[in-house]
Amino acid sequence: MFKSIFKNKNVIIVILGILVGGALIFYGEVGNSEKKATEADGSVYSSNELEIYTERLENKISGFLEKIGGVSDVAVVITIDNSKENVYATEGANYDYVILTDSSGNQSTVKLTEITATVRGIAVVCNYESEELKQQMITTLSALFNVGTNRISVIRAS
């Protein structure tokens, strides 16, 4: 039976293609366990850093919401915009970077601040007593994270 299958060259090519494709997918997943998101200015967040940040934020939100009377069994999922932006000092009409030169002749730009990842959306599953309480949770989360109420979802747990 197998001899008749392998006589057809197209079948062999398809099987080899599937095996090579599977190996490439597996290697891509294993080899890039620390994927990096690089921004235009060279700033980098590793996927591990984002996961840690996201998990801490979700736990913080859960703990906060559970302290509200009438709210229990809270689970939170957030989405993060993983960009990171450095803001440098500029001068003049052309916004030329301010450059400092040390006694050794090494030059560096003056970094004013770093704008970190921002929350894009929040999903909450919990038990709550009233629709008014649900609306208060949405309004509070919107104010805390500067996220529009259309990007916050609160769903009653079953």
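A89 counts as buried because its relative accessibility is 11%, where buried means under 20% relative accessible area, exposed over 50% and partly exposed in between (1.4 Å probe, protein chains only). The model is predicted: local features need pLDDT of at least 70, side-chain atom pairs count only at pLDDT 80 or more, and totals for chains, interfaces and linings use all residues. Residues are numbered from 1 along each chain as its sequence is written, and side-chain values use heavy atoms, with hydrogens and water left out.

A89 lies in the loop between β4 (85–88) and β5 (90–91); helices (H or I, at least four residues) and strands (E, at least two) are DSSP runs, numbered from the N terminus. Leaving aside residues up to four places away in sequence, A89 touches D96, Y97, V98, V110 and L112, a contact being heavy atoms within 4.5 Å. Between the C-alpha atoms of A89 and I99, 10 residues apart along the chain, the separation is 8.6 Å.

Values for the protein are tabulated here.

| Property | Value |
|---|---|
| Helices and strands | 4 helices, 11 strands |
| Buried residues | 22% of 158 residues |
| Contacts joining residues at least 24 apart, among those between residues at least 6 apart in sequence | 61% |

Helix α4 covers residues 131–145, and its 15 residues should span 21 Å at 1.5 Å a residue, which agrees with the 21 Å between its end C-alpha atoms. The expected span is 1.5 Å times one less than the number of residues. Within α4, the buried residues are L133, M137, I138, L141 and S142. An α-helix has 3.6 residues a turn, so residues three or four places apart point the same way. After α4 comes N146, with a positive phi near 55°.
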